Structure formats: structure tokens, C-alpha cells
Amino acid sequence: MSTSDSTPRAAGAELTALQAALRAEHATVYGYGVVGGRIRQDRRAEAHAAYDAHRARRDELARAVRDLGGTPEAAAAAYALPFSVPDPAAAVRLAAELEERLAGVYSDLVRASTGERRRFAAQALREAAVRAVRWSGESVAFPGLAERAAGATPAAPVTPRA
């Protein structure tokens, strides 16, 4: 780790990116609850595996936030979905959208972190990108960076309901 990476500002940026990833994982876990309720039987195991993986990532992120001296942000009671999910086809679209948005959040964490946390973030980015491709059947050259090309910041997968 270089000296510039150990500055309070760098640590603050890493903590901010960790909290954003934690919020995104909370929302993704919620979103997969909706996906699981609407998905066809033949893809239910895939949805359940993704749900479990995101719960594990969420727990790892909470530990990382505590390791940096922060207080992990709690999950909201409910989240607004990006669109209505009335059927299995919409559930598949939601799963792909959740993963694509999550990849953007993890790309921010890759940029803000170093060492083992950067490896963790890169692995999470890769896994989100692979899941997005599996759900959508389409891929992008640089997962998580599409929002950057337009100059926007990625939105959280779903937003908390007030």
C-alpha cells in the first residue's frame, strides 16, 4: 500500500465506497426476494444461489465497514423497484438490472480501495457481471462502467421506500 493510500482522505473514500456497496447489497437482497417470488421454477435455484451470495457479500461488507471504524448502514424496511415485476419475464429483467447496477457500485469500490479490499471488490464486480450476463443473455465490454461513459453515477439497485 502506498503512503497516499493510507491518508485519512483515502480511508474516508474507501469507507464511503464500502457503505455504498453495503447499501446496494441490502437493496439487491431485497430485490432478489421479489425475483424469487416471481421467477419460473426452472430458474429458482439460480435466483436462490444469487440471493445467498448477496447475503454473504452484504455480511462481508458490514465487517469491512466495522474494520475501518464505521457503523454499517442498516437495510431499509422496503425498497422501490425500478419497474413493476408482475411475471417471470419481469423477474429475469429485474435480476439482470440488479446485477448491472451492483457492478457499477463495485467498480467505485475497486477505485477507492487497495490491497485485499480491492481484490474483494474486483471479485464482486466480476461475479455481478457474470450474473448479469446469465440473466440477460447480453454482456458489455466493461461491466460497471457504462454509467461513467455518460458521466453519471450509478444508482443503487433499488431505492429505500420512505
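Helices are taken as DSSP runs of H or I of at least four residues, numbered from the N terminus. In these terms, S113 of the predicted model is placed in the loop between α3 and α4. With a relative accessible area of 1%, S113 is buried, the cut-off for this class being under 20%. The side chain of S113 reaches back to the backbone oxygen of L109, at a distance of 2.6 Å. When neighbours within four places in sequence are set aside, S113 is in contact with E14, R118 and A121.

Between S107 and A121, the C-alpha to C-alpha distance is 7.3 Å, although 14 residues separate the two in sequence.

One cavity of 30 Å³ or more is present in the structure, and the largest cavity has a volume of about 40 Å³. Its lining is formed by E25, H54, R57, L102, Y106, A124, E127, A128 and R131. Two or more lining residues are given by each of α2 (44–67), α3 and α4 (115–136). Helix α4 provides the largest share, four residues. In terms of residue class, the lining of the largest cavity comprises four nonpolar, four charged and one polar residue.

Methods: Residues numbered from 1 in each chain as written. Predicted model: local features only at pLDDT ≥ 70, side-chain atom pairs only at ≥ 80, totals over all residues. Heavy atoms only, no water. 1 Å grid on protein atoms, 1.4 Å probe; cavity = no way out; pocket = protein on both sides within 12 Å on 5 of 7 lines; lining within 4 Å. Points joined across faces, edges and corners; volume = space filled by probe spheres on them. Nonpolar A, V, L, I, M, F, W, Y, C, P; charged D, E, K, R; others polar. Buried < 20%, exposed > 50% of the residue type's maximum accessible area, 1.4 Å probe, protein only. Polar contact = N/O pair within 3.5 Å; in protein donor to acceptor, adjacent residues only side chain to side chain. Contact = heavy atoms within 4.5 Å.
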